Structures are given as C-alpha cells and as structure tokens.
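Subject: Structure handover

Hello,

Please find the structure below, followed by notes on what was found in it. The notes go from the whole chain to single residues.

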Amino acid sequence: MKKLDVIKQVAAVSGLTQGDSNKAIKALVLVIQSSLKIGETVSLSGLGYFRTKPCKARQGRNLKTGEIILIPHGKKVSFKPTTMLRKMIL
C-alpha cells in the first residue's frame, strides 16, 4: 500500500477530504519523527509503539573492495505492535 492509497482510505473512513487527510498524515509522521529524534517513545493505541534503541559500534565490510571498516555506534528505530494487532494479522 502506498501513501496515496492510505490517504484515500483515511479520507473515506474519516469523512475528511483527501487534502486534509494528506495534511494529517504528514503531521503524524512529522510528530513521530521529531519525538524519536529526541529519544521519546511514541505509543499509538491499537497499533503499537515506536522507540529508538542504541546500536553498538561494530565491524563491517565494504562489499566492493572487501575492506574491513568500522561502523560507528548509533541508534535504530524499533516498532512493537500491540497484542491486538498481532492477533488480528495472524
């Protein structure tokens, strides 16, 4: 499903116009991104929660040259679905 499909379905379910649905989805994505950037957990009832997890520095390999490189520590985004969502998709 692409973003346009999501926008159309949100508009149909909510009664909003597609333009308003697009603005709402963009705002939601922006809020989630900015919250994760500062380290907050974002919980959406019925869906799940997003959070960041630290990643340790590790060795990797440049696939073109075969050279071993150091991948620095950082963060990754994690999503954990609610129990209701897990049961619904099984």
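**Overall layout**

Along the sequence, the elements of the chain come in the order α-α-β-β-β-β-β-α. That makes three helices and five strands, where helices (H or I, at least four residues) and strands (E, at least two) are DSSP runs numbered from the N terminus. The radius of gyration is 18 Å, well over the 12 Å that the globule rule gives for 90 residues, so the chain is more spread out than a compact globule. Here the radius is taken over C-alpha atoms, and the globule rule is 2.2 Å times the number of residues to the power 0.38. Along the principal axes, the C-alpha atoms fill a box of roughly 55 × 30 × 30 Å.

This is a predicted model, in which local features need pLDDT of at least 70 and side-chain atom pairs count only at pLDDT 80 or more, while totals for chains, interfaces and linings use all residues. Residues are numbered from 1 along each chain as its sequence is written, and side-chain values use heavy atoms, with hydrogens and water left out.

**Surface, contacts and charge**

Of the 90 residues, 14% count as buried (under 20% relative accessible area; exposed is over 50%, partly exposed in between; 1.4 Å probe, protein chains only). The accessible surface of the chain is about 7,500 Å², and 61% of this belongs to carbon and sulfur atoms; the areas come from the Shrake-Rupley method with a 1.4 Å probe, and for residues only the protein chains shown count as cover. Among contacts (heavy atoms within 4.5 Å) with a separation of 6 or more, 30% are between residues 24 or more positions apart.

The chain carries 17 positive and 4 negative side chains, and the centres of the two sets are 8 Å apart. Lys and Arg count as positive, Asp and Glu as negative, and His and the chain ends are not counted; the charge is placed at NZ of Lys, CZ of Arg, CG of Asp or CD of Glu.

**The aromatic pair**

The whole structure was searched for aromatic pairs, and one was found. The ring centres of Phe-50 and Phe-79 are 4.8 Å apart with the planes at 45°, so the pair is tilted. Rings of Phe, Tyr and Trp (its six-membered ring) pair if their centres lie within 6.5 Å; planes under 30 degrees apart are stacked, over 60 edge-to-face, and the rest tilted. Phe-50 belongs to strand β2 (residues 48-55) and Phe-79 to strand β5 (residues 74-81), so the pair ties together parts 29 residues apart in sequence. Phe-79 is partly exposed, at 36% relative accessible area.

**Single residues**

- Pro-54 and Met-84 are 27 Å apart, C-alpha to C-alpha.
- Ile-69, in strand β4 (residues 68-71), is partly exposed at 37%. The C-alpha atoms of Ile-69 and Leu-4 are separated by 40 Å.

Regards
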